[in-house]
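Here's a quick, friendly tour of the structure you're about to see. Have a look at it, then read on.

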Amino acid sequence: MEARFLAERSIKIGSKAPDFSQPDTKGKMVKVSDFKGKYVLIDFWATWCSPCRAENPNLVKAYHKYKNKGLEVLAVSLDDTKGKNAWLKAIEDDGMPLIQVADLKGWSNDAAVLYGVRAVPQNYLVDPQGTIVAINLKGDNLHTELAKVFGN
């Protein structure tokens, strides 16, 4: 609880995005700092979250539009060990070519705690220098912000 309170006060636009490392679907560790020099959208989601699943096609559309201009999407699942198969199936079902990671600790996901995530979907747009430049971009707002960053 204390970690989430501290995150709430320090994770904001203009602050440095905290680095974390989590395994991808094949067990390879992925870090936020791996994306230095690119824009990265850190997206917290879960398979059991209907609004998350509804937003996934929008994320995929944005990714395809801007990936060649330097956008990466790091999708952090808040599924737990019992939900691992559902997580892998959702990635396939939703056609998500995004970088997917999870420590399978559910709401106790280390990255979610670090970022003070208390609801999903939740995301953070991080610039090439590692600074948070936008928070909670969804729907048309995601495309509007990315168009500002990358141009149409």
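## Ground rules

Helices (H or I, at least four residues) and strands (E, at least two) are DSSP runs, numbered from the N terminus. Two strands count as a pair if DSSP finds at least two bridges between them.

This is a predicted model, where local features need pLDDT of at least 70, side-chain atom pairs count only at pLDDT 80 or more, and totals for chains, interfaces and linings use all residues. Residues are numbered from 1 along each chain as its sequence is written, and side-chain values use heavy atoms, with hydrogens and water left out.

## The sheet

Which order do the strands take? Five of them make an open sheet, β5-β4-β3-β6-β7, with mixed pairing. β5 (99–101) and β7 (132–135) sit at the edges with a single partner strand each, so one side of each has no neighbour in the sheet.

Now zoom in on one pair. Strands β3 (residues 39–45) and β4 (residues 71–77) run parallel and are joined by seven bridges. Phe-44, for instance, has Val-76 in β4 as its bridge partner.

## The disulfide

There's one disulfide here, where the term means a pair of cysteine sulfur atoms within 2.5 Å. Cys-49 and Cys-52 form it, with their sulfur atoms 2.3 Å apart. The torsion about their S-S bond is about 80°, so this disulfide is right-handed.

Are these cysteines buried or exposed? Cys-49 is buried, with a relative accessible area of 4%, and Cys-52 is buried too, at 1%. Buried means under 20% relative accessible area, exposed over 50%, and partly exposed in between (1.4 Å probe, protein chains only).
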